[in-house]
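Q: Please take a close look at a single part of this model. Keep it brisk, and give the cut-offs behind each term.

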Amino acid sequence: MKQEKTSALKPGMDLILTKWIALRGTAEIARQKEMQLLTRFPSAMITQAKGFELLLNTETEREEAKKAGAAEIYALGPQGIFSGLWRMAEEAGVGLRIEVRSIPIRQETVEICEFFDLNPYYLQSEGALLIGTWDGTEVVNRLNLAGIPAAVIGRATDGNDRILYNQGNCRYLDRPQKDEIEKLGDH
């Protein structure tokens with residue numbers, strides 16, 4: 001018996017990401033490993049990263065996205081954007097075409113993840129939403145007008161292929177993995 005799909009995400013819909021990936025993970029690492037990070041980075045950057053906790057509430061963008069015509073809204077959480085994309089596609093029974101360079105990420109996240117050799121795409125991303133809609137540009141414009149950073153990062157497709165494009169290279173999206181923050185114990 002085929003499983004009933006409960007998602008409103010359909011092939012051909014644009015996928016939008018609000019704010020930035022790895023907000024919670026970056027804030028957590030900055031708080032847990034502040035002294036180590038201060039050996040390389042200015043205190044202002046670490047303070048900024050710890051402040052990402054203030055960006056975790058998604059109620060405003062959820063309401064604005066609904067008003068703008070979002071068909072599906074999926075809150076990111078543990079295991080990062082790649083796991084969220086996988087789960088969203090799995091629930092909807094669709095494939096994906098994602099442009100990795102379009103996924104918004106803060107420079108603080110990049111620097112902190114490089115310092116600890118962590119993959120930000122598998123880091124706790126609470127504070128960001130994935131949105132499926134027929135007109136991604138319109139929804140992004142409406143979110144931006146409401147003061148909410150957002151970007152179209154790809155599209156839902158027919159079939160099951162979940163493909164990541166990055167500077168002309170493509171690869172398949174991996175199944176969800178453990179959250180990168182779990183590797184912090186090694187540092």
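A: Helix 1 and helix 3 are oblique to each other, since oblique is what remains once angles under 35 degrees (roughly parallel), over 145 (roughly antiparallel) and 65 to 115 (roughly perpendicular) are taken out. Their axes cross at roughly 130° and come within 7 Å. Axes here are lines fitted to C-alpha atoms, for helices over the stretch in contact, with angles from 0 to 180 degrees between N-to-C directions. The crossing is left-handed, meaning that the near helix is turned anticlockwise from the far one by less than a right angle; clockwise would be right-handed.

Helix 1 brings Thr26, Ala27, Ala30 and Arg31 to this contact, and helix 3 brings Ile46, Ala49 and Lys50. Contact means heavy atoms within 4.5 Å. By class, four of the residues are nonpolar, one is polar and two are charged. Nonpolar covers Ala, Val, Leu, Ile, Met, Phe, Trp, Tyr, Cys and Pro; charged covers Asp, Glu, Lys and Arg; the others, Gly among them, are polar.

The model is predicted: local features need pLDDT of at least 70, side-chain atom pairs count only at pLDDT 80 or more, and totals for chains, interfaces and linings use all residues. Residues are numbered from 1 along each chain as its sequence is written, and side-chain values use heavy atoms, leaving out hydrogens and water.

Now the burial of each helix. Helix 1 (23-32) is mostly covered, with seven of its 10 residues buried. Buried means under 20% relative accessible area, exposed over 50% and partly exposed in between, with a 1.4 Å probe and protein chains only. The buried residues of helix 1 are Leu23, Gly25, Thr26, Ala27, Glu28, Ile29 and Ala30. They pack against helix 2, helix 3 and helix 6. Helices are DSSP runs (H or I, at least four residues), numbered from the N terminus.

Helix 3 spans residues 43-50, and Met45, Ile46 and Ala49 are buried there. These three lie on the same side of helix 3, because they cover an arc of only 95° around the axis. That arc is taken from the directions from the helix axis to the C-beta atoms. The buried residues of helix 3 pack against helix 1, helix 2 (34-37) and helix 6 (107-116).

Helix 6 also holds Phe116. At 1% relative accessibility, Phe116 counts as buried. Its C-alpha atom is separated by 27 Å from that of Gly168, 52 residues apart along the chain.

Methods
Helices (H or I, at least four residues) and strands (E, at least two) are DSSP runs, numbered from the N terminus.
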